[in-house]
Amino acid sequence: MQFIKDELKELEDKALFRKMKTVNGAQGKISLIEGEKYLSFCSNNYLDLANHPDVKAAVINAVDKFGWGSGASRLVSGNMSMHEAIENKIAKFKEKESAIVFPTGYMANVGTISSLTGKGDLVISDRLNHASIIDGCRLSQAEFRVYPHSNMEKLEKILKAGNSYRRKLIVTDTVFSMDGDLALMEQITTLAKKYEAMTMGDEAHATGVFGQNRRGALEFLGLEDEVDVVMGTLSKAIGGIGGFVCGSRDLIDYLRNKAKSFIYTTAMPPSVCAASIAGIELIEQKPELAQSLWRNINYLRAILTKQNVNVCNSQGPIVPIIIGDAEKAVKLANILYNNKILVPAIRPPTVPKGSSRLRVTLMSSHTKADIDRLVNMLAMEIE
Ligand SMILES: Cc1ncc(COP(=O)(O)O)c(C=O)c1O
């Protein structure tokens, strides 16, 4: 087992060793770490629902009524009324015929991609897609092709060459998790039609944030009816944990019968379903939450643009500040940390080599003063 020591040392030497910080309190814009308060710019809890009183009340009520565990997988005896309630809620919210929930978003991607495609099929993925998509593609045993980020010429070339495959699936984040930009969904869906490919969009970072009704990037782009498989998470703007897929009733019935990460795992606790229902209701009933998030996004973006800071083509609450060198990114993150501001340095393998970055994420509860504090500290440190 010497290789473990060797590989850990190699990670440390390359400034790639990862350590966790312990948050000793609820999630929010302030994180309590070792008794000190840190202003957090690194949570996917975009609408600050993770500790919302309505969501907590829903959890407590559900625990009272249904207990904590679900006891078995959905297809054995773990399918409880709360699972059906959250699936109905998601389908209604997303204006789809049907929905299925998985214990995590990761499992939703892995199970869905690997059951829609298999040997003899072609699965095509953007280079910057989330790791769960990549793992789903690999697990599927389909021919797996990757196109450079948002390069539609390369995507078309792959599709053109792929005529002989039984089925073709193009899968993409709709909002990229590390660059924060939007996928070119209009071009992707047009190419899919031309070459008779299925499409799947991962709305993890878009659900609750983008679109007039906060349904996601596909709503924002006016393309909700053009994508066959819509995946999302309950773990980001909705504030808890879980993944989902929505679409036609046939698609969802198919996944219930075929997706191994749905079939062979214990059903999520009923209180998690209740929390997600409460979260979606808040998103529906309180547009001011997303409006406040967008005010913050526009405010930060305006300042960084004025300062010529490279933030890729990001458009939403994920604002990457590209540094390049991993060591330098870590050093900057440490300086911010020493000044009680939490912004993570994101390094390879999460992002390509040479594109290490500070990944800032905004929340609805940040104030202009919070953002000014971050920007002033960054301005002092980034030349
Ligand atoms: C684009 C994308 N898809 C899927 C996931 C996985 O979701 P979850 O954290 O709910 O497992 C994430 C988050 O980590 C993500 O960023």
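1. Asp 179 sits in the loop between β6 (168–173) and α8 (185–194). Helices (H or I, at least four residues) and strands (E, at least two) are DSSP runs, numbered from the N terminus. The model is predicted: local features need pLDDT of at least 70, side-chain atom pairs count only at pLDDT 80 or more, and totals for chains, interfaces and linings use all residues. Residues are numbered from 1 along each chain as its sequence is written, and side-chain values use heavy atoms, with hydrogens and water left out.

2. Is Asp 179 buried or exposed? Asp 179 counts as buried because its relative accessibility is 12%. Buried means under 20% relative accessible area, exposed over 50%, partly exposed in between (1.4 Å probe, protein chains only). The Asp 179 side chain makes a polar contact of 2.5 Å with that of Arg 357. A polar contact is a pair of N or O atoms within 3.5 Å; within protein, one must be able to donate a hydrogen and the other to accept it, and residues adjacent in sequence count only if both atoms are side-chain atoms. Beyond four places in sequence, the contacts of Asp 179 include Leu 128, Val 311 and Ile 318. Contact means heavy atoms within 4.5 Å.

3. Now the ligand. Tyr 106, Asp 202, His 205, Ser 235 and Lys 236 come nearest, out of 15 residues around the ligand. Near means a heavy atom within 4 Å. Helix α5 (residues 105–116) gives the most to this shell, three residues.

4. A polar side-chain atom of Asp 202 is 2.6 Å from a ligand nitrogen. An N or O atom in the Ser 235 side chain is 2.7 Å from a ligand oxygen. A polar backbone atom of Gly 105 lies 3.0 Å from an oxygen atom of the ligand. Taken alone, the ligand exposes 390 Å², and the protein buries 84% of that (Shrake-Rupley method, 1.4 Å probe; for residues, only the protein chains shown count as cover).

5. Which residues of helix α10 (residues 249–258) are buried? They are Leu 251, Ile 252 and Leu 255. They share one side of α10 because they cover an arc of only 95° around the axis, taken from the directions from the helix axis to the C-beta atoms. Asp 250 and Asn 257, on the other side of α10, are exposed. Cover for the buried residues includes β3 (98–102), α5 and β8 (229–233).

6. Val 343 lies in the loop between β11 (341–342) and β12 (345–346). Val 343 is buried, at 6% relative accessible area. Among the residues it touches beyond four places in sequence are Phe 41, Leu 336 and Leu 374.
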